[in-house]
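Subject: Structure handover and notes

Hello,

Please find the structure below.

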Amino acid sequence: MTAATTLRQALRENLDEPEGPARNARAERIFADIEAAGDTGLLIDGLNHLMQVYNYSSEADKMFVPFARLLRMWDERPDAFDQHQSHTLFWMFKWVSSGMIDQPHIPLASIETWQAEMERRYRVAGHSERAVRQGELRIARHLGDDERARRAYDAWQRADRDDKSDCRACELHAQGEWQAHNGDDKGALETWRPVLEGQFTCAHEPHAVLASSLLPLMRLGRTEEARAHHLRGHRLVRAHESMRESLAEHIEFCARTGNEGRGLELLAERPAYFTDPGEPSSLMGYLAVTALLADRLVTLGLGETDMPGPGERAWTARELATHARREALAIAARFDERNGSAEVSALLRERMDGAPLVERLPLGLRATTPRPTAPRPTIAAPPLAQTPGTSLEELLTEARHRSEAHRPDAGDAWRAVVAAARHEGVELDPLDLAEIDEYRGLDREPPAESADCFASAAAHYGAAGAEDRAVAARARAAYARCLAGDRAAALADVESALDRIERLRTEGAARPREISRVLVCRARIHEDRLQGAEQAGDEAEGGAALEALEEAARGLVEFAEPHRADPSVALNLAEALAFLGLVARYQGDVEAAADLYERSAETSVAAGRPWAAVSSEVSLSALSRQLGDTERAVRAARAALEHTSGYGRPPGLSRLHLQLMECLTDAANAKDAKDTDSTEGPRSPADTGGSADTTGLAEATEHALQAAHWADEAGESTGIGAYARHRLGGLLLRRDRVDEAASVLEAVLPDLTADEHGDGMIVQTLHWLGDCLITLGDPRGAAEQYLKGADIARTWPEQRGHAMLANLAAESLFQADLNTEAELAYRRAGELWRSVGDPHGWVRTLRVRAWIALRDGQAGPDAARELMAEAAAVCTAELAALEAPSVQTAQGSGRTDGTEAARALRAELGETHRQTAEVLVNTVPGVPGDEDSSGAARAAYETAQGPAALAVDIFAALGDGYERERARCLLLAGWLAADLGDADAAVARAREAVIHAEAAGDAEDLLHEAASLVANADS
């Protein structure tokens, strides 16, 4: 190998390295060796290489020197440039002429001169002016000269595309940017659609388009797309050091959508971005969004939050906001001085002062922003109290209305009354004070304090002459004491309250609603007894409590039914029905329990109090899932979420969204299974992932996202929030939104622990992430995830999961061309499949190992043949064992299952013979013919005919269900015949293959191959 060849190889290898200063430094070292070599063509290649690596890095300012040298060489010796080198020179002219605008130290006159020079040289060389006008548009937009920009844009669009034009993806990006600049967000997104859908791509697209689309999508209210573009786009951008401006757009998006914590994470990814001076325009933009994010934190009261920033020092948000704004404006001032206008500074200030677009857009990632934590005030006035002119009497009317309606926010209204009364110095009457104390009791923790509040309420009711209400309040106090742990005293107190309310009833002094309240408190106490006995493992106490609960609940139902027209009584009736549902669950009658919970929910809704139905609807949904009634489960879970609207708190909302997500996923799985059963044969992975009940899965995805969001709001990010994000990642993967799934799964893994979430969830997350990375073209990364999962699963009693993950890791290593590692991984997977009694998995690992043996530097042809022979021997031995008389006798009525198992093993043997034939012909170079002087190819091909014929015979014997496999084997036999010169046999095999391919259906690939075989044989 010559020195020039070695140096060119070094240039090619350097292009494959990650962007950045390290790659640039290697390029400079290689170029130094190139200069010493004295080869003009190699020197041109070296300068081109420097241009390319500088342009795609943070050191773009370095590209001007090598370009000037290249241009001088072109002017002096154009004949020294070959066609590719000439093309590259003119291609790079675009980078230089318009790229100068990003360097404030380059005078505007020089930029215009270079732009004119590019136009002249393109015209002389016969190139289209399209690239010239695109560069002029960039200059005009920077200068704020919209009229010139419009002329340049129109001329750009009119000019013909040629090989000097930017790629279609980059052009569409620039076109959409111009539309968005002019306020046409919808048009911009339509222009970008072919890039976003993958029709046009390049090294930096759709990366940049995804970033540019974020704010237009938000402005149009297309928030789900914006979320998806952020998750997908950031994964692409983060690997490219040259895409500082695109990362800035992602940070800006986070700052303006309530995702400040995510913005902090992105800032921390590349500390050098705060200071890299090579492209001042992108440095200015990065500092601008840093200021925007830091200012947002200050506005939230988080000015002392630590932030990543330039240098080694620590920064608070307040400090960094000031520093970043000052530095960004300083760069803008340099541009404005050069340009003779204030355009750059004006646009920069507009960007730094961008207002939030939404309060919070959930991303499905853990929220890491520290939120201001002000203690909840003792009295929190509702909106009514904040309205100027609202009187105390109006507040009292509103509070009484909410109490009578049993609204969950009635307590807030009474707190507003207290605040107003204190402010005005008014003494409230005993009935109002009693209601206030009752709502204080409902809100207070611990239970002992609640009991005191209810006791105080009872005293006020007594003072007001409302004895029945006083008794009901004492019953509530008894239940609070039960929750505090004193069940014996609670039972005594509630029985006393029952005696007193019964005397009042006989005297006509107790209303049904107060009687039902006392009865429901007795039932609640027995329910707490039941739960306590279960936790203590006290079966005797549990049985007694269950019996007492059933008696109390039935007594309440009997009393309440005639009075259910009163909403207060109806709510207690609903609770009694829920208690009976609980009793039925303990007695093992799940269907009866579900029906009782449904009646309970219906009772609350009929009473006009739907929020009281939520607990029963949650239980009904869970039991319906247990019974396999997915439709009823979804209906109940959706009702629970709807009925909590306006009154739910973050912890409960998170769980309600999770329950509906799980029910919707169950429904999608059930539909998937039904669709699979109604078709012949299994569906493809793409079908089961991408098309299964897409509407239900889309809704399930949204609820998983909302569950994660509300878990974050509740401070449960690492608990139920991590579970929600785990499920979200799986749903996104199932819907083929792989980039988003990978981002979510990567982010959730650090939050999953064996103690809190279990090994199974961690392994599943690793499995899903591995699947994502395979799809995204990163088999090495996928193998790492599968191996981590396998390492955890190796300790499980059941080893099938371990075997599967080990096999997936081996497949990934094989795809990554890590042959030695793949061989070892397949060997281990084969041992695991053998240990769990799965001959199919075992045989398949042997076959892949045979193919690995044929790769460079591996065991070689003899080992490959031996591995294929071992695979065939395993199939034969397993078949013999399966078909032994003792096995058949043991199968008895299960003989059909045994027959199917035997058919599957014969198919495995047939596939092994087919691949053996392919391995044999791959052990020799070339094909039989004149160049096969040694006859090795002919011998190998003739030998391969044997296993190919065996494969044909096996699939022929298997018959229906294996038509496609039979056609494949016939085609292989036909190609072998054709290569050995037997055209008639080849054509006969091809025609027979067509018959079976058509019988198999959906076999266009086989029919096309058969036509090619006939054409080849005829020629």
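This is a predicted model: local features need pLDDT of at least 70, side-chain atom pairs count only at pLDDT 80 or more; totals for chains, interfaces and linings use all residues.

Residues are numbered from 1 along each chain as its sequence is written, and side-chain values use heavy atoms, with hydrogens and water left out.

Helix H6

Helices are DSSP runs (H or I, at least four residues), numbered from the N terminus. H6 covers residues 108-125, which is 18 residues, and spans 26 Å from its first C-alpha to its last, close to the 26 Å expected at 1.5 Å a residue. The expected span is 1.5 Å times one less than the number of residues.

Ile111, Gln115, Met118, Arg121 and Tyr122 of H6 are buried. Seen down the axis of H6, these buried residues fall within an arc of 130 degrees, so they line one face of the helix; the arc is that of the directions from the helix axis to the C-beta atoms. Buried means under 20% relative accessible area, exposed over 50%, and partly exposed in between (1.4 Å probe, protein chains only). On the other side of H6, Ala109, Thr113, Arg123 and Val124 are exposed.

The buried residues of H6 pack against helices H4 (64-76), H5 (83-99), H7 (130-143) and H17 (317-339), where contact means heavy atoms within 4.5 Å. Just after H6, Gly126 has a positive phi of about 85 degrees.

H13 and H14

In the contact between these two helices, Ala226, Arg227, His229, His230, Gly233, His234 and Val237 of H13 meet Ser246, Leu247, His250, Phe253 and Cys254 of H14. The contact residues divide into 5 nonpolar, 6 polar and 1 charged. Here Ala, Val, Leu, Ile, Met, Phe, Trp, Tyr, Cys and Pro count as nonpolar, Asp, Glu, Lys and Arg as charged, and the others, Gly among them, as polar.

Backbone features

The peptide bond from Glu205 to Pro206 is cis, with omega near 15 degrees. Pro206 lies in the loop between H10 (185-196) and H11 (207-212).

Asp817 is not a glycine, yet has a positive phi of about 60 degrees. Asp817 sits in the loop between H39 (800-815) and H40 (819-835) and is exposed, with a relative accessible area of 51%.

Asp1002, also not a glycine, has a positive phi of about 50 degrees. Asp1002 is in the loop between H47 (983-1000) and H48 (1004-1018) and is exposed at 78% relative accessible area.

Regards
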